[in-house]
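User: I'm new to protein structures, and I'd like a close look at one part of this one. Please keep it friendly and spell out the terms as you go.

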Amino acid sequence: MVAATSSLRTAAFTVGAILVVAAAVAFGSLMKTSTQVQTPIAAGSIQPAPKASPPPTAEALPPVPTAAATQPLAALADDADLSQLRTRALTLPVQGVNVVQLTDTYTQARAAGVPHEALDIMAARGTPVLAVEDGTVAKLFSSKPGGITIYQFDPGSQYAYYYAHLDRYADGLAEGANLRKGQVIGYVGSTGNASPDAPHLHFALFKLGPERQWWRGTPLNPFLVWRDARI
Ligand SMILES: [Zn+2]
């Protein structure tokens with residue numbers, strides 16, 4: 001019995017001690033909470049997660065598309081082609097005409113609302129027309145709008161150069177012939193739908209498709225090839 005009583009007392013004391021300790025802890029906790037409310041939250045409590053698992057940041061997100069990345073692919077292709085062509089220092093196709101005399105007529109409307117997509121170079125009838133680059137004569141062709149025309153391919157058959165409204169071809173010019181840059185290939189005129197009062201060379205430039213068809217391609221603005229050239 002004694003042992004049992006002693007044991008009970010011990011137990012009671014223990015329980016009491018625990019309650020006191022618990023109360024003290026609870027009080028301390030309250031005090032601590034109170035203190036925390038009145039003071040700024042310690043910086044340590046909002047430290048970012050360890051670097052092993054960083055929170056999402058702007059850097060981690062996919063890059064925001066830039067204006068250039070959202071441009072139509074065709075426009076980007078045009079820029080690449082124009083840059084490529086500028087490195088070739090193409091000769092102006094009308095003898096005696098300087099680059100400062102050029103006017104950009106590429107986007108002008110033409111008959112039936114068809115975009116011009118070419119460069120008109122005004123010149124006196126009979127002025128020599130020159131090959132803008134080495135290459136080959138892909139086709140000598142006469143059409144109602146273009147009159148007497150030449151389709152030239154560049155050496156790699158990537159691009160075609162189109163010369164229209166010619167008065168006539170240079171003597172001996174034939175399909176398949178090799179051309180040298182600056183070679184006389186014809187003469188300025190007004191054949192086709194050009195006004196007889198305003199002879200000029202209609203010069204077009206287009207990128208050929210994989211089939212290398214002289215009548216088909218993607219037009220590029222020749223004016224942009226020469227605009228910044230120092231010829
Ligand atoms: Zn024209």
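What pLDDT does the protein average, and what percentage of the residues score at least 70? After that, please zoom in on β5: how many of its 11 residues are buried?

Analyst: Let's start with confidence. This is a predicted model, so local features need a pLDDT of at least 70 and side-chain atom pairs count only at 80 or more, while totals for chains, interfaces and linings use all residues. Numbering starts from 1 along each chain, following the sequence as written. The protein averages a pLDDT (the predictor's confidence in each residue, from 0 to 100) of 78, and 66% of the residues score at least 70. Where pLDDT is low, the predicted coordinates should not be read in detail.

Now for the part you asked about. The protein has three helices and nine strands; helices are DSSP runs of H or I with at least four residues, strands are E runs of at least two, and both are numbered from the N terminus. In β5, eight of the 11 residues are buried, meaning that 20 or more other C-beta atoms, placed from the backbone, lie within 10 Å of the residue's own. Across the protein, buried residues make up 25% of the 231.

Who are the neighbours of β5? Strands pair if DSSP finds at least two bridges between them. β4 and β5 run antiparallel over five bridges, with Ile150 standing opposite Tyr163. These two strands form a hairpin with five residues between them, and Ser157 in the turn has a positive phi of about 50°. β5 also runs antiparallel to β8, joined by six bridges; here Phe203 of β8 is the partner of Tyr163. With β7 there are three antiparallel bridges, and Tyr169 faces Gly186 there.

All this ties into the largest nonpolar core, which has 37 residues. Such a core is a set of buried Ala, Val, Leu, Ile, Met, Phe, Trp, Tyr and Cys residues joined through C-beta atoms within 7 Å. β5 gives the largest share, seven residues. Tyr162, Tyr163 and Phe203 are among the residues with the most contacts inside the core. Phe203 touches Tyr162 and Tyr163, and its other contacts include Pro93, Leu119 and Pro222. In soluble globular proteins, nonpolar side chains tend to be buried together.

Conventions: A residue is buried if 20 or more other C-beta atoms lie within 10 Å of its own, exposed if 12 or fewer, and partly exposed in between; C-beta atoms are placed from the backbone. Two residues are in contact if their C-beta atoms, placed from the backbone, lie within 7 Å. Lists of a residue's contacts leave out its neighbours within four places in sequence.
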